[in-house]
Amino acid sequence: MAFKIKNLPSFFLLLLVQSMFFEVVISIENGINSTGGHWVELQRSIGISAMHMQVMYDNKVVIFDRTDFGPSNISLSHHRCRFNPHDLALKLDCTAHSVLYDLSHNTLRPLTLRTDAWCSSGALTPDGSLLQTGGFNDGYTTLRSFTPCPQHNTCDWRELRNHSLSNSRWYSSNQILPSGKIIVVGGRNSFTYEFVPKNDVASSSFHYLPFLKHTRDPNRGEENNLYPFLHLLPDGNLFIFANRNSILFDYTTNKVLRNFPTIPGQEKRNYPSTASSVLLPLNLTALNGTRLPDAEIMICGGAYPGAFSLANTLKIFLEASRTCGRLRVTDSNPVWVMETMPTPRVMPDMVLLPNGNVIILNGAMNGTAGWENAANPVLHPVLYRPGLVDQFQRFQLLAPASTPRMYHSSAVLVPDGRVLVGGSNPHRVYDFRANPYPTELSLDAYYPEYLGTEFDSLRPSIVAVEASNNTASYGRAFAVNFLLREYRVGGVGVTLVAPSFTTHSFAMNQRLLVLEVVGIQQVAPSGYKVVARAPPSLAVAPPGFYMLFIVHAGVPSAAVWVQVK
């Protein structure tokens, strides 16, 4: 394709030159001998593209896409059809746009979405139901819920028609709070936040947040502050990041308590210059009940200013960001510490693993989010080990995927320690002939290296949690019995991982806590009991269901579900 470059700023010209020579970098990446972990295709097609995912406490995963593009590739059950006079594609649609995937049996069944959940958000309530917020068109202000039904397997989506959102929520983010309420922040042209469920007077309105307007880039289509990164901090306040800036926010008084330093570099970090963000593991092992754990945010990837416009109008795909930034927000004088990834990456997914490491996967090396706005998929995941002192040793390239996961992909940690990966549809409709990135309906699992058979003797197997109804009560000790063939002294930890709602490279509500171990004893030839202390407060661990892992010598067990309350 021919194009003029004489009027491009010198900054763009430099990035364009980098992009033109990027095939060399791709060749280098493909030539790396990476053997960490392996991939398995679980389903060639689940019938829909996995734009959104949420793991549920019954070991099933709610997966859904949008409804406004036409028919999917899976029919609704029992010859049912959905009639919606407001749908932009099909008024009468007999196909499903959501499925419930069973992790234990590798099976699925269709679910019924009645309004458009395109680019929406969600969170689990303390009782384990998915409360899902917003979307597009007839879904702008829609509240939906999905409650697991492990006994009869007939549950489906419910639309909460009498409890609409106060503002349009398209590209917004959610965070569960200590009260069990969920805060919904932002969205396209929505510089506000509100609370759900809508079951009291205080939740019936919305609140203006100027930070969201100030961080929006003025150029048409750029924005770069959608799907803001939200992280609940151990003191109960909210960390909010949008574009390049971040604040400490007291949502109870609508006050900004602190402006954090701007992240270094010129890169933008939120949609459509999509990066990813995690709250690194909260270590509760040495607090002695006297202080709160340190909290550190990590943000990786993104795109440079103007990258979206160049990709969207000229199909020039600038090189993505290579950097990650870490900010210890609980320090008295927080400073961003920057690190460099092995490859550039936009639209990455960052998933916390049970042993405290982070895996970075999916996305592209060039371009931005948006329809056909990216090129050069990053097939190699990257393992990031935040605890290593030498930052040059923290990144490790892993075994490559065979399927590109571009715009509208997602990834979640599941209870057996795998990472479930699906989606990728960078087109306005389902296009299976698009070259080189067709609509992807497959579902894969990445098996981290710790699941290898060579670690079987070090892998714990949980037998039982000695707590009523598997409940971990705040601040109280509880015991977990497990089996282990080869015990290494000092090598046992207990972690809790909150299941995330993942879409658009942001795993909302993702949280990992390293619990204080009170004691451990051998109770049988290969049997052990570890006593751990539950999280100290609602702010450190919001109420709800968590995956509990025993980690031995860096190798996690399969999880059991516990309810923290």
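A disulfide is taken here as a pair of cysteine sulfur atoms within 2.5 Å, and by this rule the count comes to 3 disulfides. When the bonded cysteines of the protein chain are numbered in sequence order, their pairing reads 1-2, 3-4, 5-6. The structure is a predicted model, in which local features need pLDDT of at least 70 and side-chain atom pairs count only at pLDDT 80 or more, whereas totals for chains, interfaces and linings use all residues. Residues are numbered from 1 along each chain as its sequence is written, and side-chain values use heavy atoms, with hydrogens and water left out.

The disulfide of C81 and C94 has its sulfur atoms 1.8 Å apart, and with 90 degrees about the S-S bond this link is right-handed. The pair links distant parts of the chain, C81 lying in the loop between β3 (60–64) and β4 (82–83) and C94 in the loop between β5 (92–93) and β6 (98–102), 13 residues apart; helices (H or I, at least four residues) and strands (E, at least two) are DSSP runs, numbered from the N terminus. C81 is partly exposed, with a relative accessible area of 34%, and C94 is likewise partly exposed, at 32%, where buried means under 20% relative accessible area, exposed over 50%, and partly exposed in between (1.4 Å probe, protein chains only). In the disulfide of C149 and C155 the sulfur atoms are 2.1 Å apart, and the torsion about the S-S bond is about -75 degrees, so this disulfide is left-handed; both C149 and C155 are buried. C300 is joined to C324 by a disulfide with an S to S distance of 2.1 Å, which is right-handed, with 115 degrees about the S-S bond. This pair also links distant parts of the chain, with C300 in strand β22 (residues 296–301) and C324 in strand β23 (residues 323–328), 24 residues apart, and both C300 and C324 are buried.

E267, in the loop between β19 (255–259) and β20 (275–279), counts as buried at 4% relative accessibility. Its side chain makes a polar contact of 2.8 Å with the side chain of S321 and another, of 3.1 Å, with the side chain of T323; a polar contact is a pair of N or O atoms within 3.5 Å, for which, within protein, one atom must be able to donate a hydrogen and the other to accept it, and residues adjacent in sequence count only if both atoms are side-chain atoms. With neighbours within four places in sequence left aside, E267 is in contact (heavy atoms within 4.5 Å) with R244, A303, Y304, S321, R322 and T323.

A salt bridge is a side-chain nitrogen of Lys or Arg within 4 Å of a carboxyl oxygen of Asp or Glu, and by this rule the count comes to 26 salt bridges. Among them is the bridge between K268 and D217, whose closest N and O atoms are 3.4 Å apart. This pair links distant parts of the chain, K268 being in the loop between β19 and β20 and D217 in the loop between α3 (210–214) and β16 (229–232), 51 residues apart; K268 and D217 are both buried. The side chains of R418 and D416 also meet in a salt bridge, at 2.8 Å from N to O. Salt bridges that share partners join R291, D294, E296, R326, R328, D331, E339 and R394 into one network.

Across the whole structure, 28 aromatic pairs are found, rings of Phe, Tyr and Trp (its six-membered ring) being paired if their centres lie within 6.5 Å, with planes under 30 degrees apart counted as stacked, over 60 as edge-to-face and the rest as tilted. W118 and W371 form a tilted pair, 5.9 Å centre to centre with 35 degrees between the planes. W118 lies in the loop between β7 (107–111) and β8 (121–124) and W371 in the loop between β27 (364–367) and β28 (374–377), so the pair ties together parts that are 253 residues apart in sequence. W118 is buried, at 8% relative accessibility, as is W371, at 15%. The pair of Y487 and Y528 is stacked, at 5.0 Å centre to centre and 25 degrees between the planes. One aromatic cluster is formed by W118, F136, Y140, W170, Y171, Y227, Y271, W371 and Y407. R66 lies over the face of W118, at 4.4 Å from the ring centre, and the charged end of R188 sits over the ring of W170, 5.0 Å from its centre; for such a placement, NZ of Lys or CZ of Arg is within 6 Å of the ring centre and within 35 degrees of the ring normal.
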